[in-house]
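Thanks for coming. I will walk through one chain today, and I will give the cut-offs as the terms come up. Please keep the structure open while I talk.

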Amino acid sequence: PQVNIPTGQWKDGLFDIFSAGFFHPSVVCGFCFTQIGMGQLMQRLRLNWLGEGGEDESAKISFKIVLTLVICYTVFTVSLELAEAAQYYYNIPAYIPSLKFIGGVLFTIYSIIALMRVRESVRAKYSIPETRFAGCEDAVYSAACSCCVVAQIARHTGEYETYKGSYFSDTGMAPGTPQIV
């Protein structure tokens, strides 16, 4: 058996978010854990943690790398929040807000660029043309509605009509689901 993925056009629209179900893993991961959902897609599509194709070792563990980045960023921001909360408002060292801002900007840039590359890879692999924003559709959608992009790619590559999704797997698919060829 193999997963049948449509070519030539998206399986459904960017905003057809609930087509697989309201609490489906593609929805929950797309909206609540966008970067983790992106990591699952990278693993499913055999892309590395930067969203680039290849059969190297990093493509085999891309989900774990992205999950580690998300955990590190979360620890970083929570640590800065705790350090800030321990100070009186007028005594907060200037470096704390600066570090929070720089960390947030860097993580956001990584997330947008990596997701843009994942979307580009899916469009190239399945011959899906751009329909809007010629030349920059992937960047625009990844920046404007990353949760919708993650959910759309998950639905497109998941064949949820046949195979179950999973919240807690490297690929977002249930164990035993065939890999994408």
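A polar contact here is a pair of N or O atoms within 3.5 Å; within protein, one must be able to donate a hydrogen and the other to accept it, and residues adjacent in sequence count only if both atoms are side-chain atoms. By that rule, the side chains of Arg44 and Tyr160 form a polar contact of 3.3 Å.

Before going on, the provenance. This is a predicted model, in which local features need pLDDT of at least 70 and side-chain atom pairs count only at pLDDT 80 or more, while totals for chains, interfaces and linings use all residues. Residues are numbered from 1 along each chain as its sequence is written, and side-chain values use heavy atoms, with hydrogens and water left out.

Now the overall layout. The chain has 7 helices and 0 strands, where helices (H or I, at least four residues) and strands (E, at least two) are DSSP runs, numbered from the N terminus. The C-alpha atoms fill a box of roughly 60 × 40 × 35 Å along the principal axes. Of the 181 residues in the chain, 43% are buried; buried means under 20% relative accessible area, exposed over 50%, and partly exposed in between, with a 1.4 Å probe and protein chains only. A contact means heavy atoms within 4.5 Å. Among contacts between residues at least 6 apart in sequence, 66% join residues at least 24 apart.

Back to Arg44. Arg44 sits in helix H2. Is Arg44 buried or exposed? Arg44 is buried, at 7% relative accessible area. Leaving aside neighbours within four places in sequence, Arg44 is in contact with residues including Ile153, Ala154, Thr157 and Gly158, and also Tyr160, Thr171 and Ile180. Arg44 and Thr171 are 127 residues apart in sequence, yet their C-alpha atoms are 4.8 Å apart in space.

Several of those partners bring us to helix H7. H7 covers residues 146-158, has 13 residues, and spans 18 Å from its first C-alpha to its last, close to the 18 Å expected at 1.5 Å a residue. The expected span is 1.5 Å times one less than the number of residues. How many of the 13 residues of H7 are buried? The count is 12 of 13, and among them are Ile153, Ala154, Arg155 and Thr157. The buried residues of H7 pack against helix H1 (25-32), helix H2 (34-44), helix H5 (95-125) and helix H6 (137-144). Just after H7, Glu159 takes a positive phi of about 45°.

On a 1 Å grid over the protein atoms alone, a cavity is a set of points where a 1.4 Å probe fits but cannot get out, and a pocket is an open set with protein on both sides within 12 Å along at least five of seven lines; lining residues have an atom within 4 Å of a point. Grid points are joined across faces, edges and corners, and a volume is the space filled by probe spheres set on the points.

There is 1 cavity of 30 Å³ or more, and the largest cavity holds about 70 Å³. Of its 13 lining residues, Ser26, Cys29, Gln40, Arg44 and Ala154 are the closest to its centre. H1, H2 and H7 each supply at least two lining residues, and H2 gives the most, with 4. By class, the cavity lining has 6 nonpolar, 6 polar and 1 charged residues. For the classes, Ala, Val, Leu, Ile, Met, Phe, Trp, Tyr, Cys and Pro count as nonpolar, Asp, Glu, Lys and Arg as charged, and the others, Gly among them, as polar.

The largest pocket has a volume of about 190 Å³. Its lining includes Val28, Cys29, Phe33, Gln40, Phe63 and Tyr167. H1, H2 and helix H4 (62-85) are the elements giving two or more residues to that lining, which by class has 8 nonpolar, 2 polar and no charged residues.

In helix H4 there is also Ser62, buried at a relative accessible area of 0%. The Ser62 side chain reaches the backbone oxygen of Leu47 at 3.0 Å.

Last, two loop residues with positive phi. Arg46, in the loop between H2 and helix H3 (57-60), has phi near 60° and is partly exposed at 26%. Phe133, in the loop between H5 and H6, has phi of about 55° and is partly exposed at 41%.
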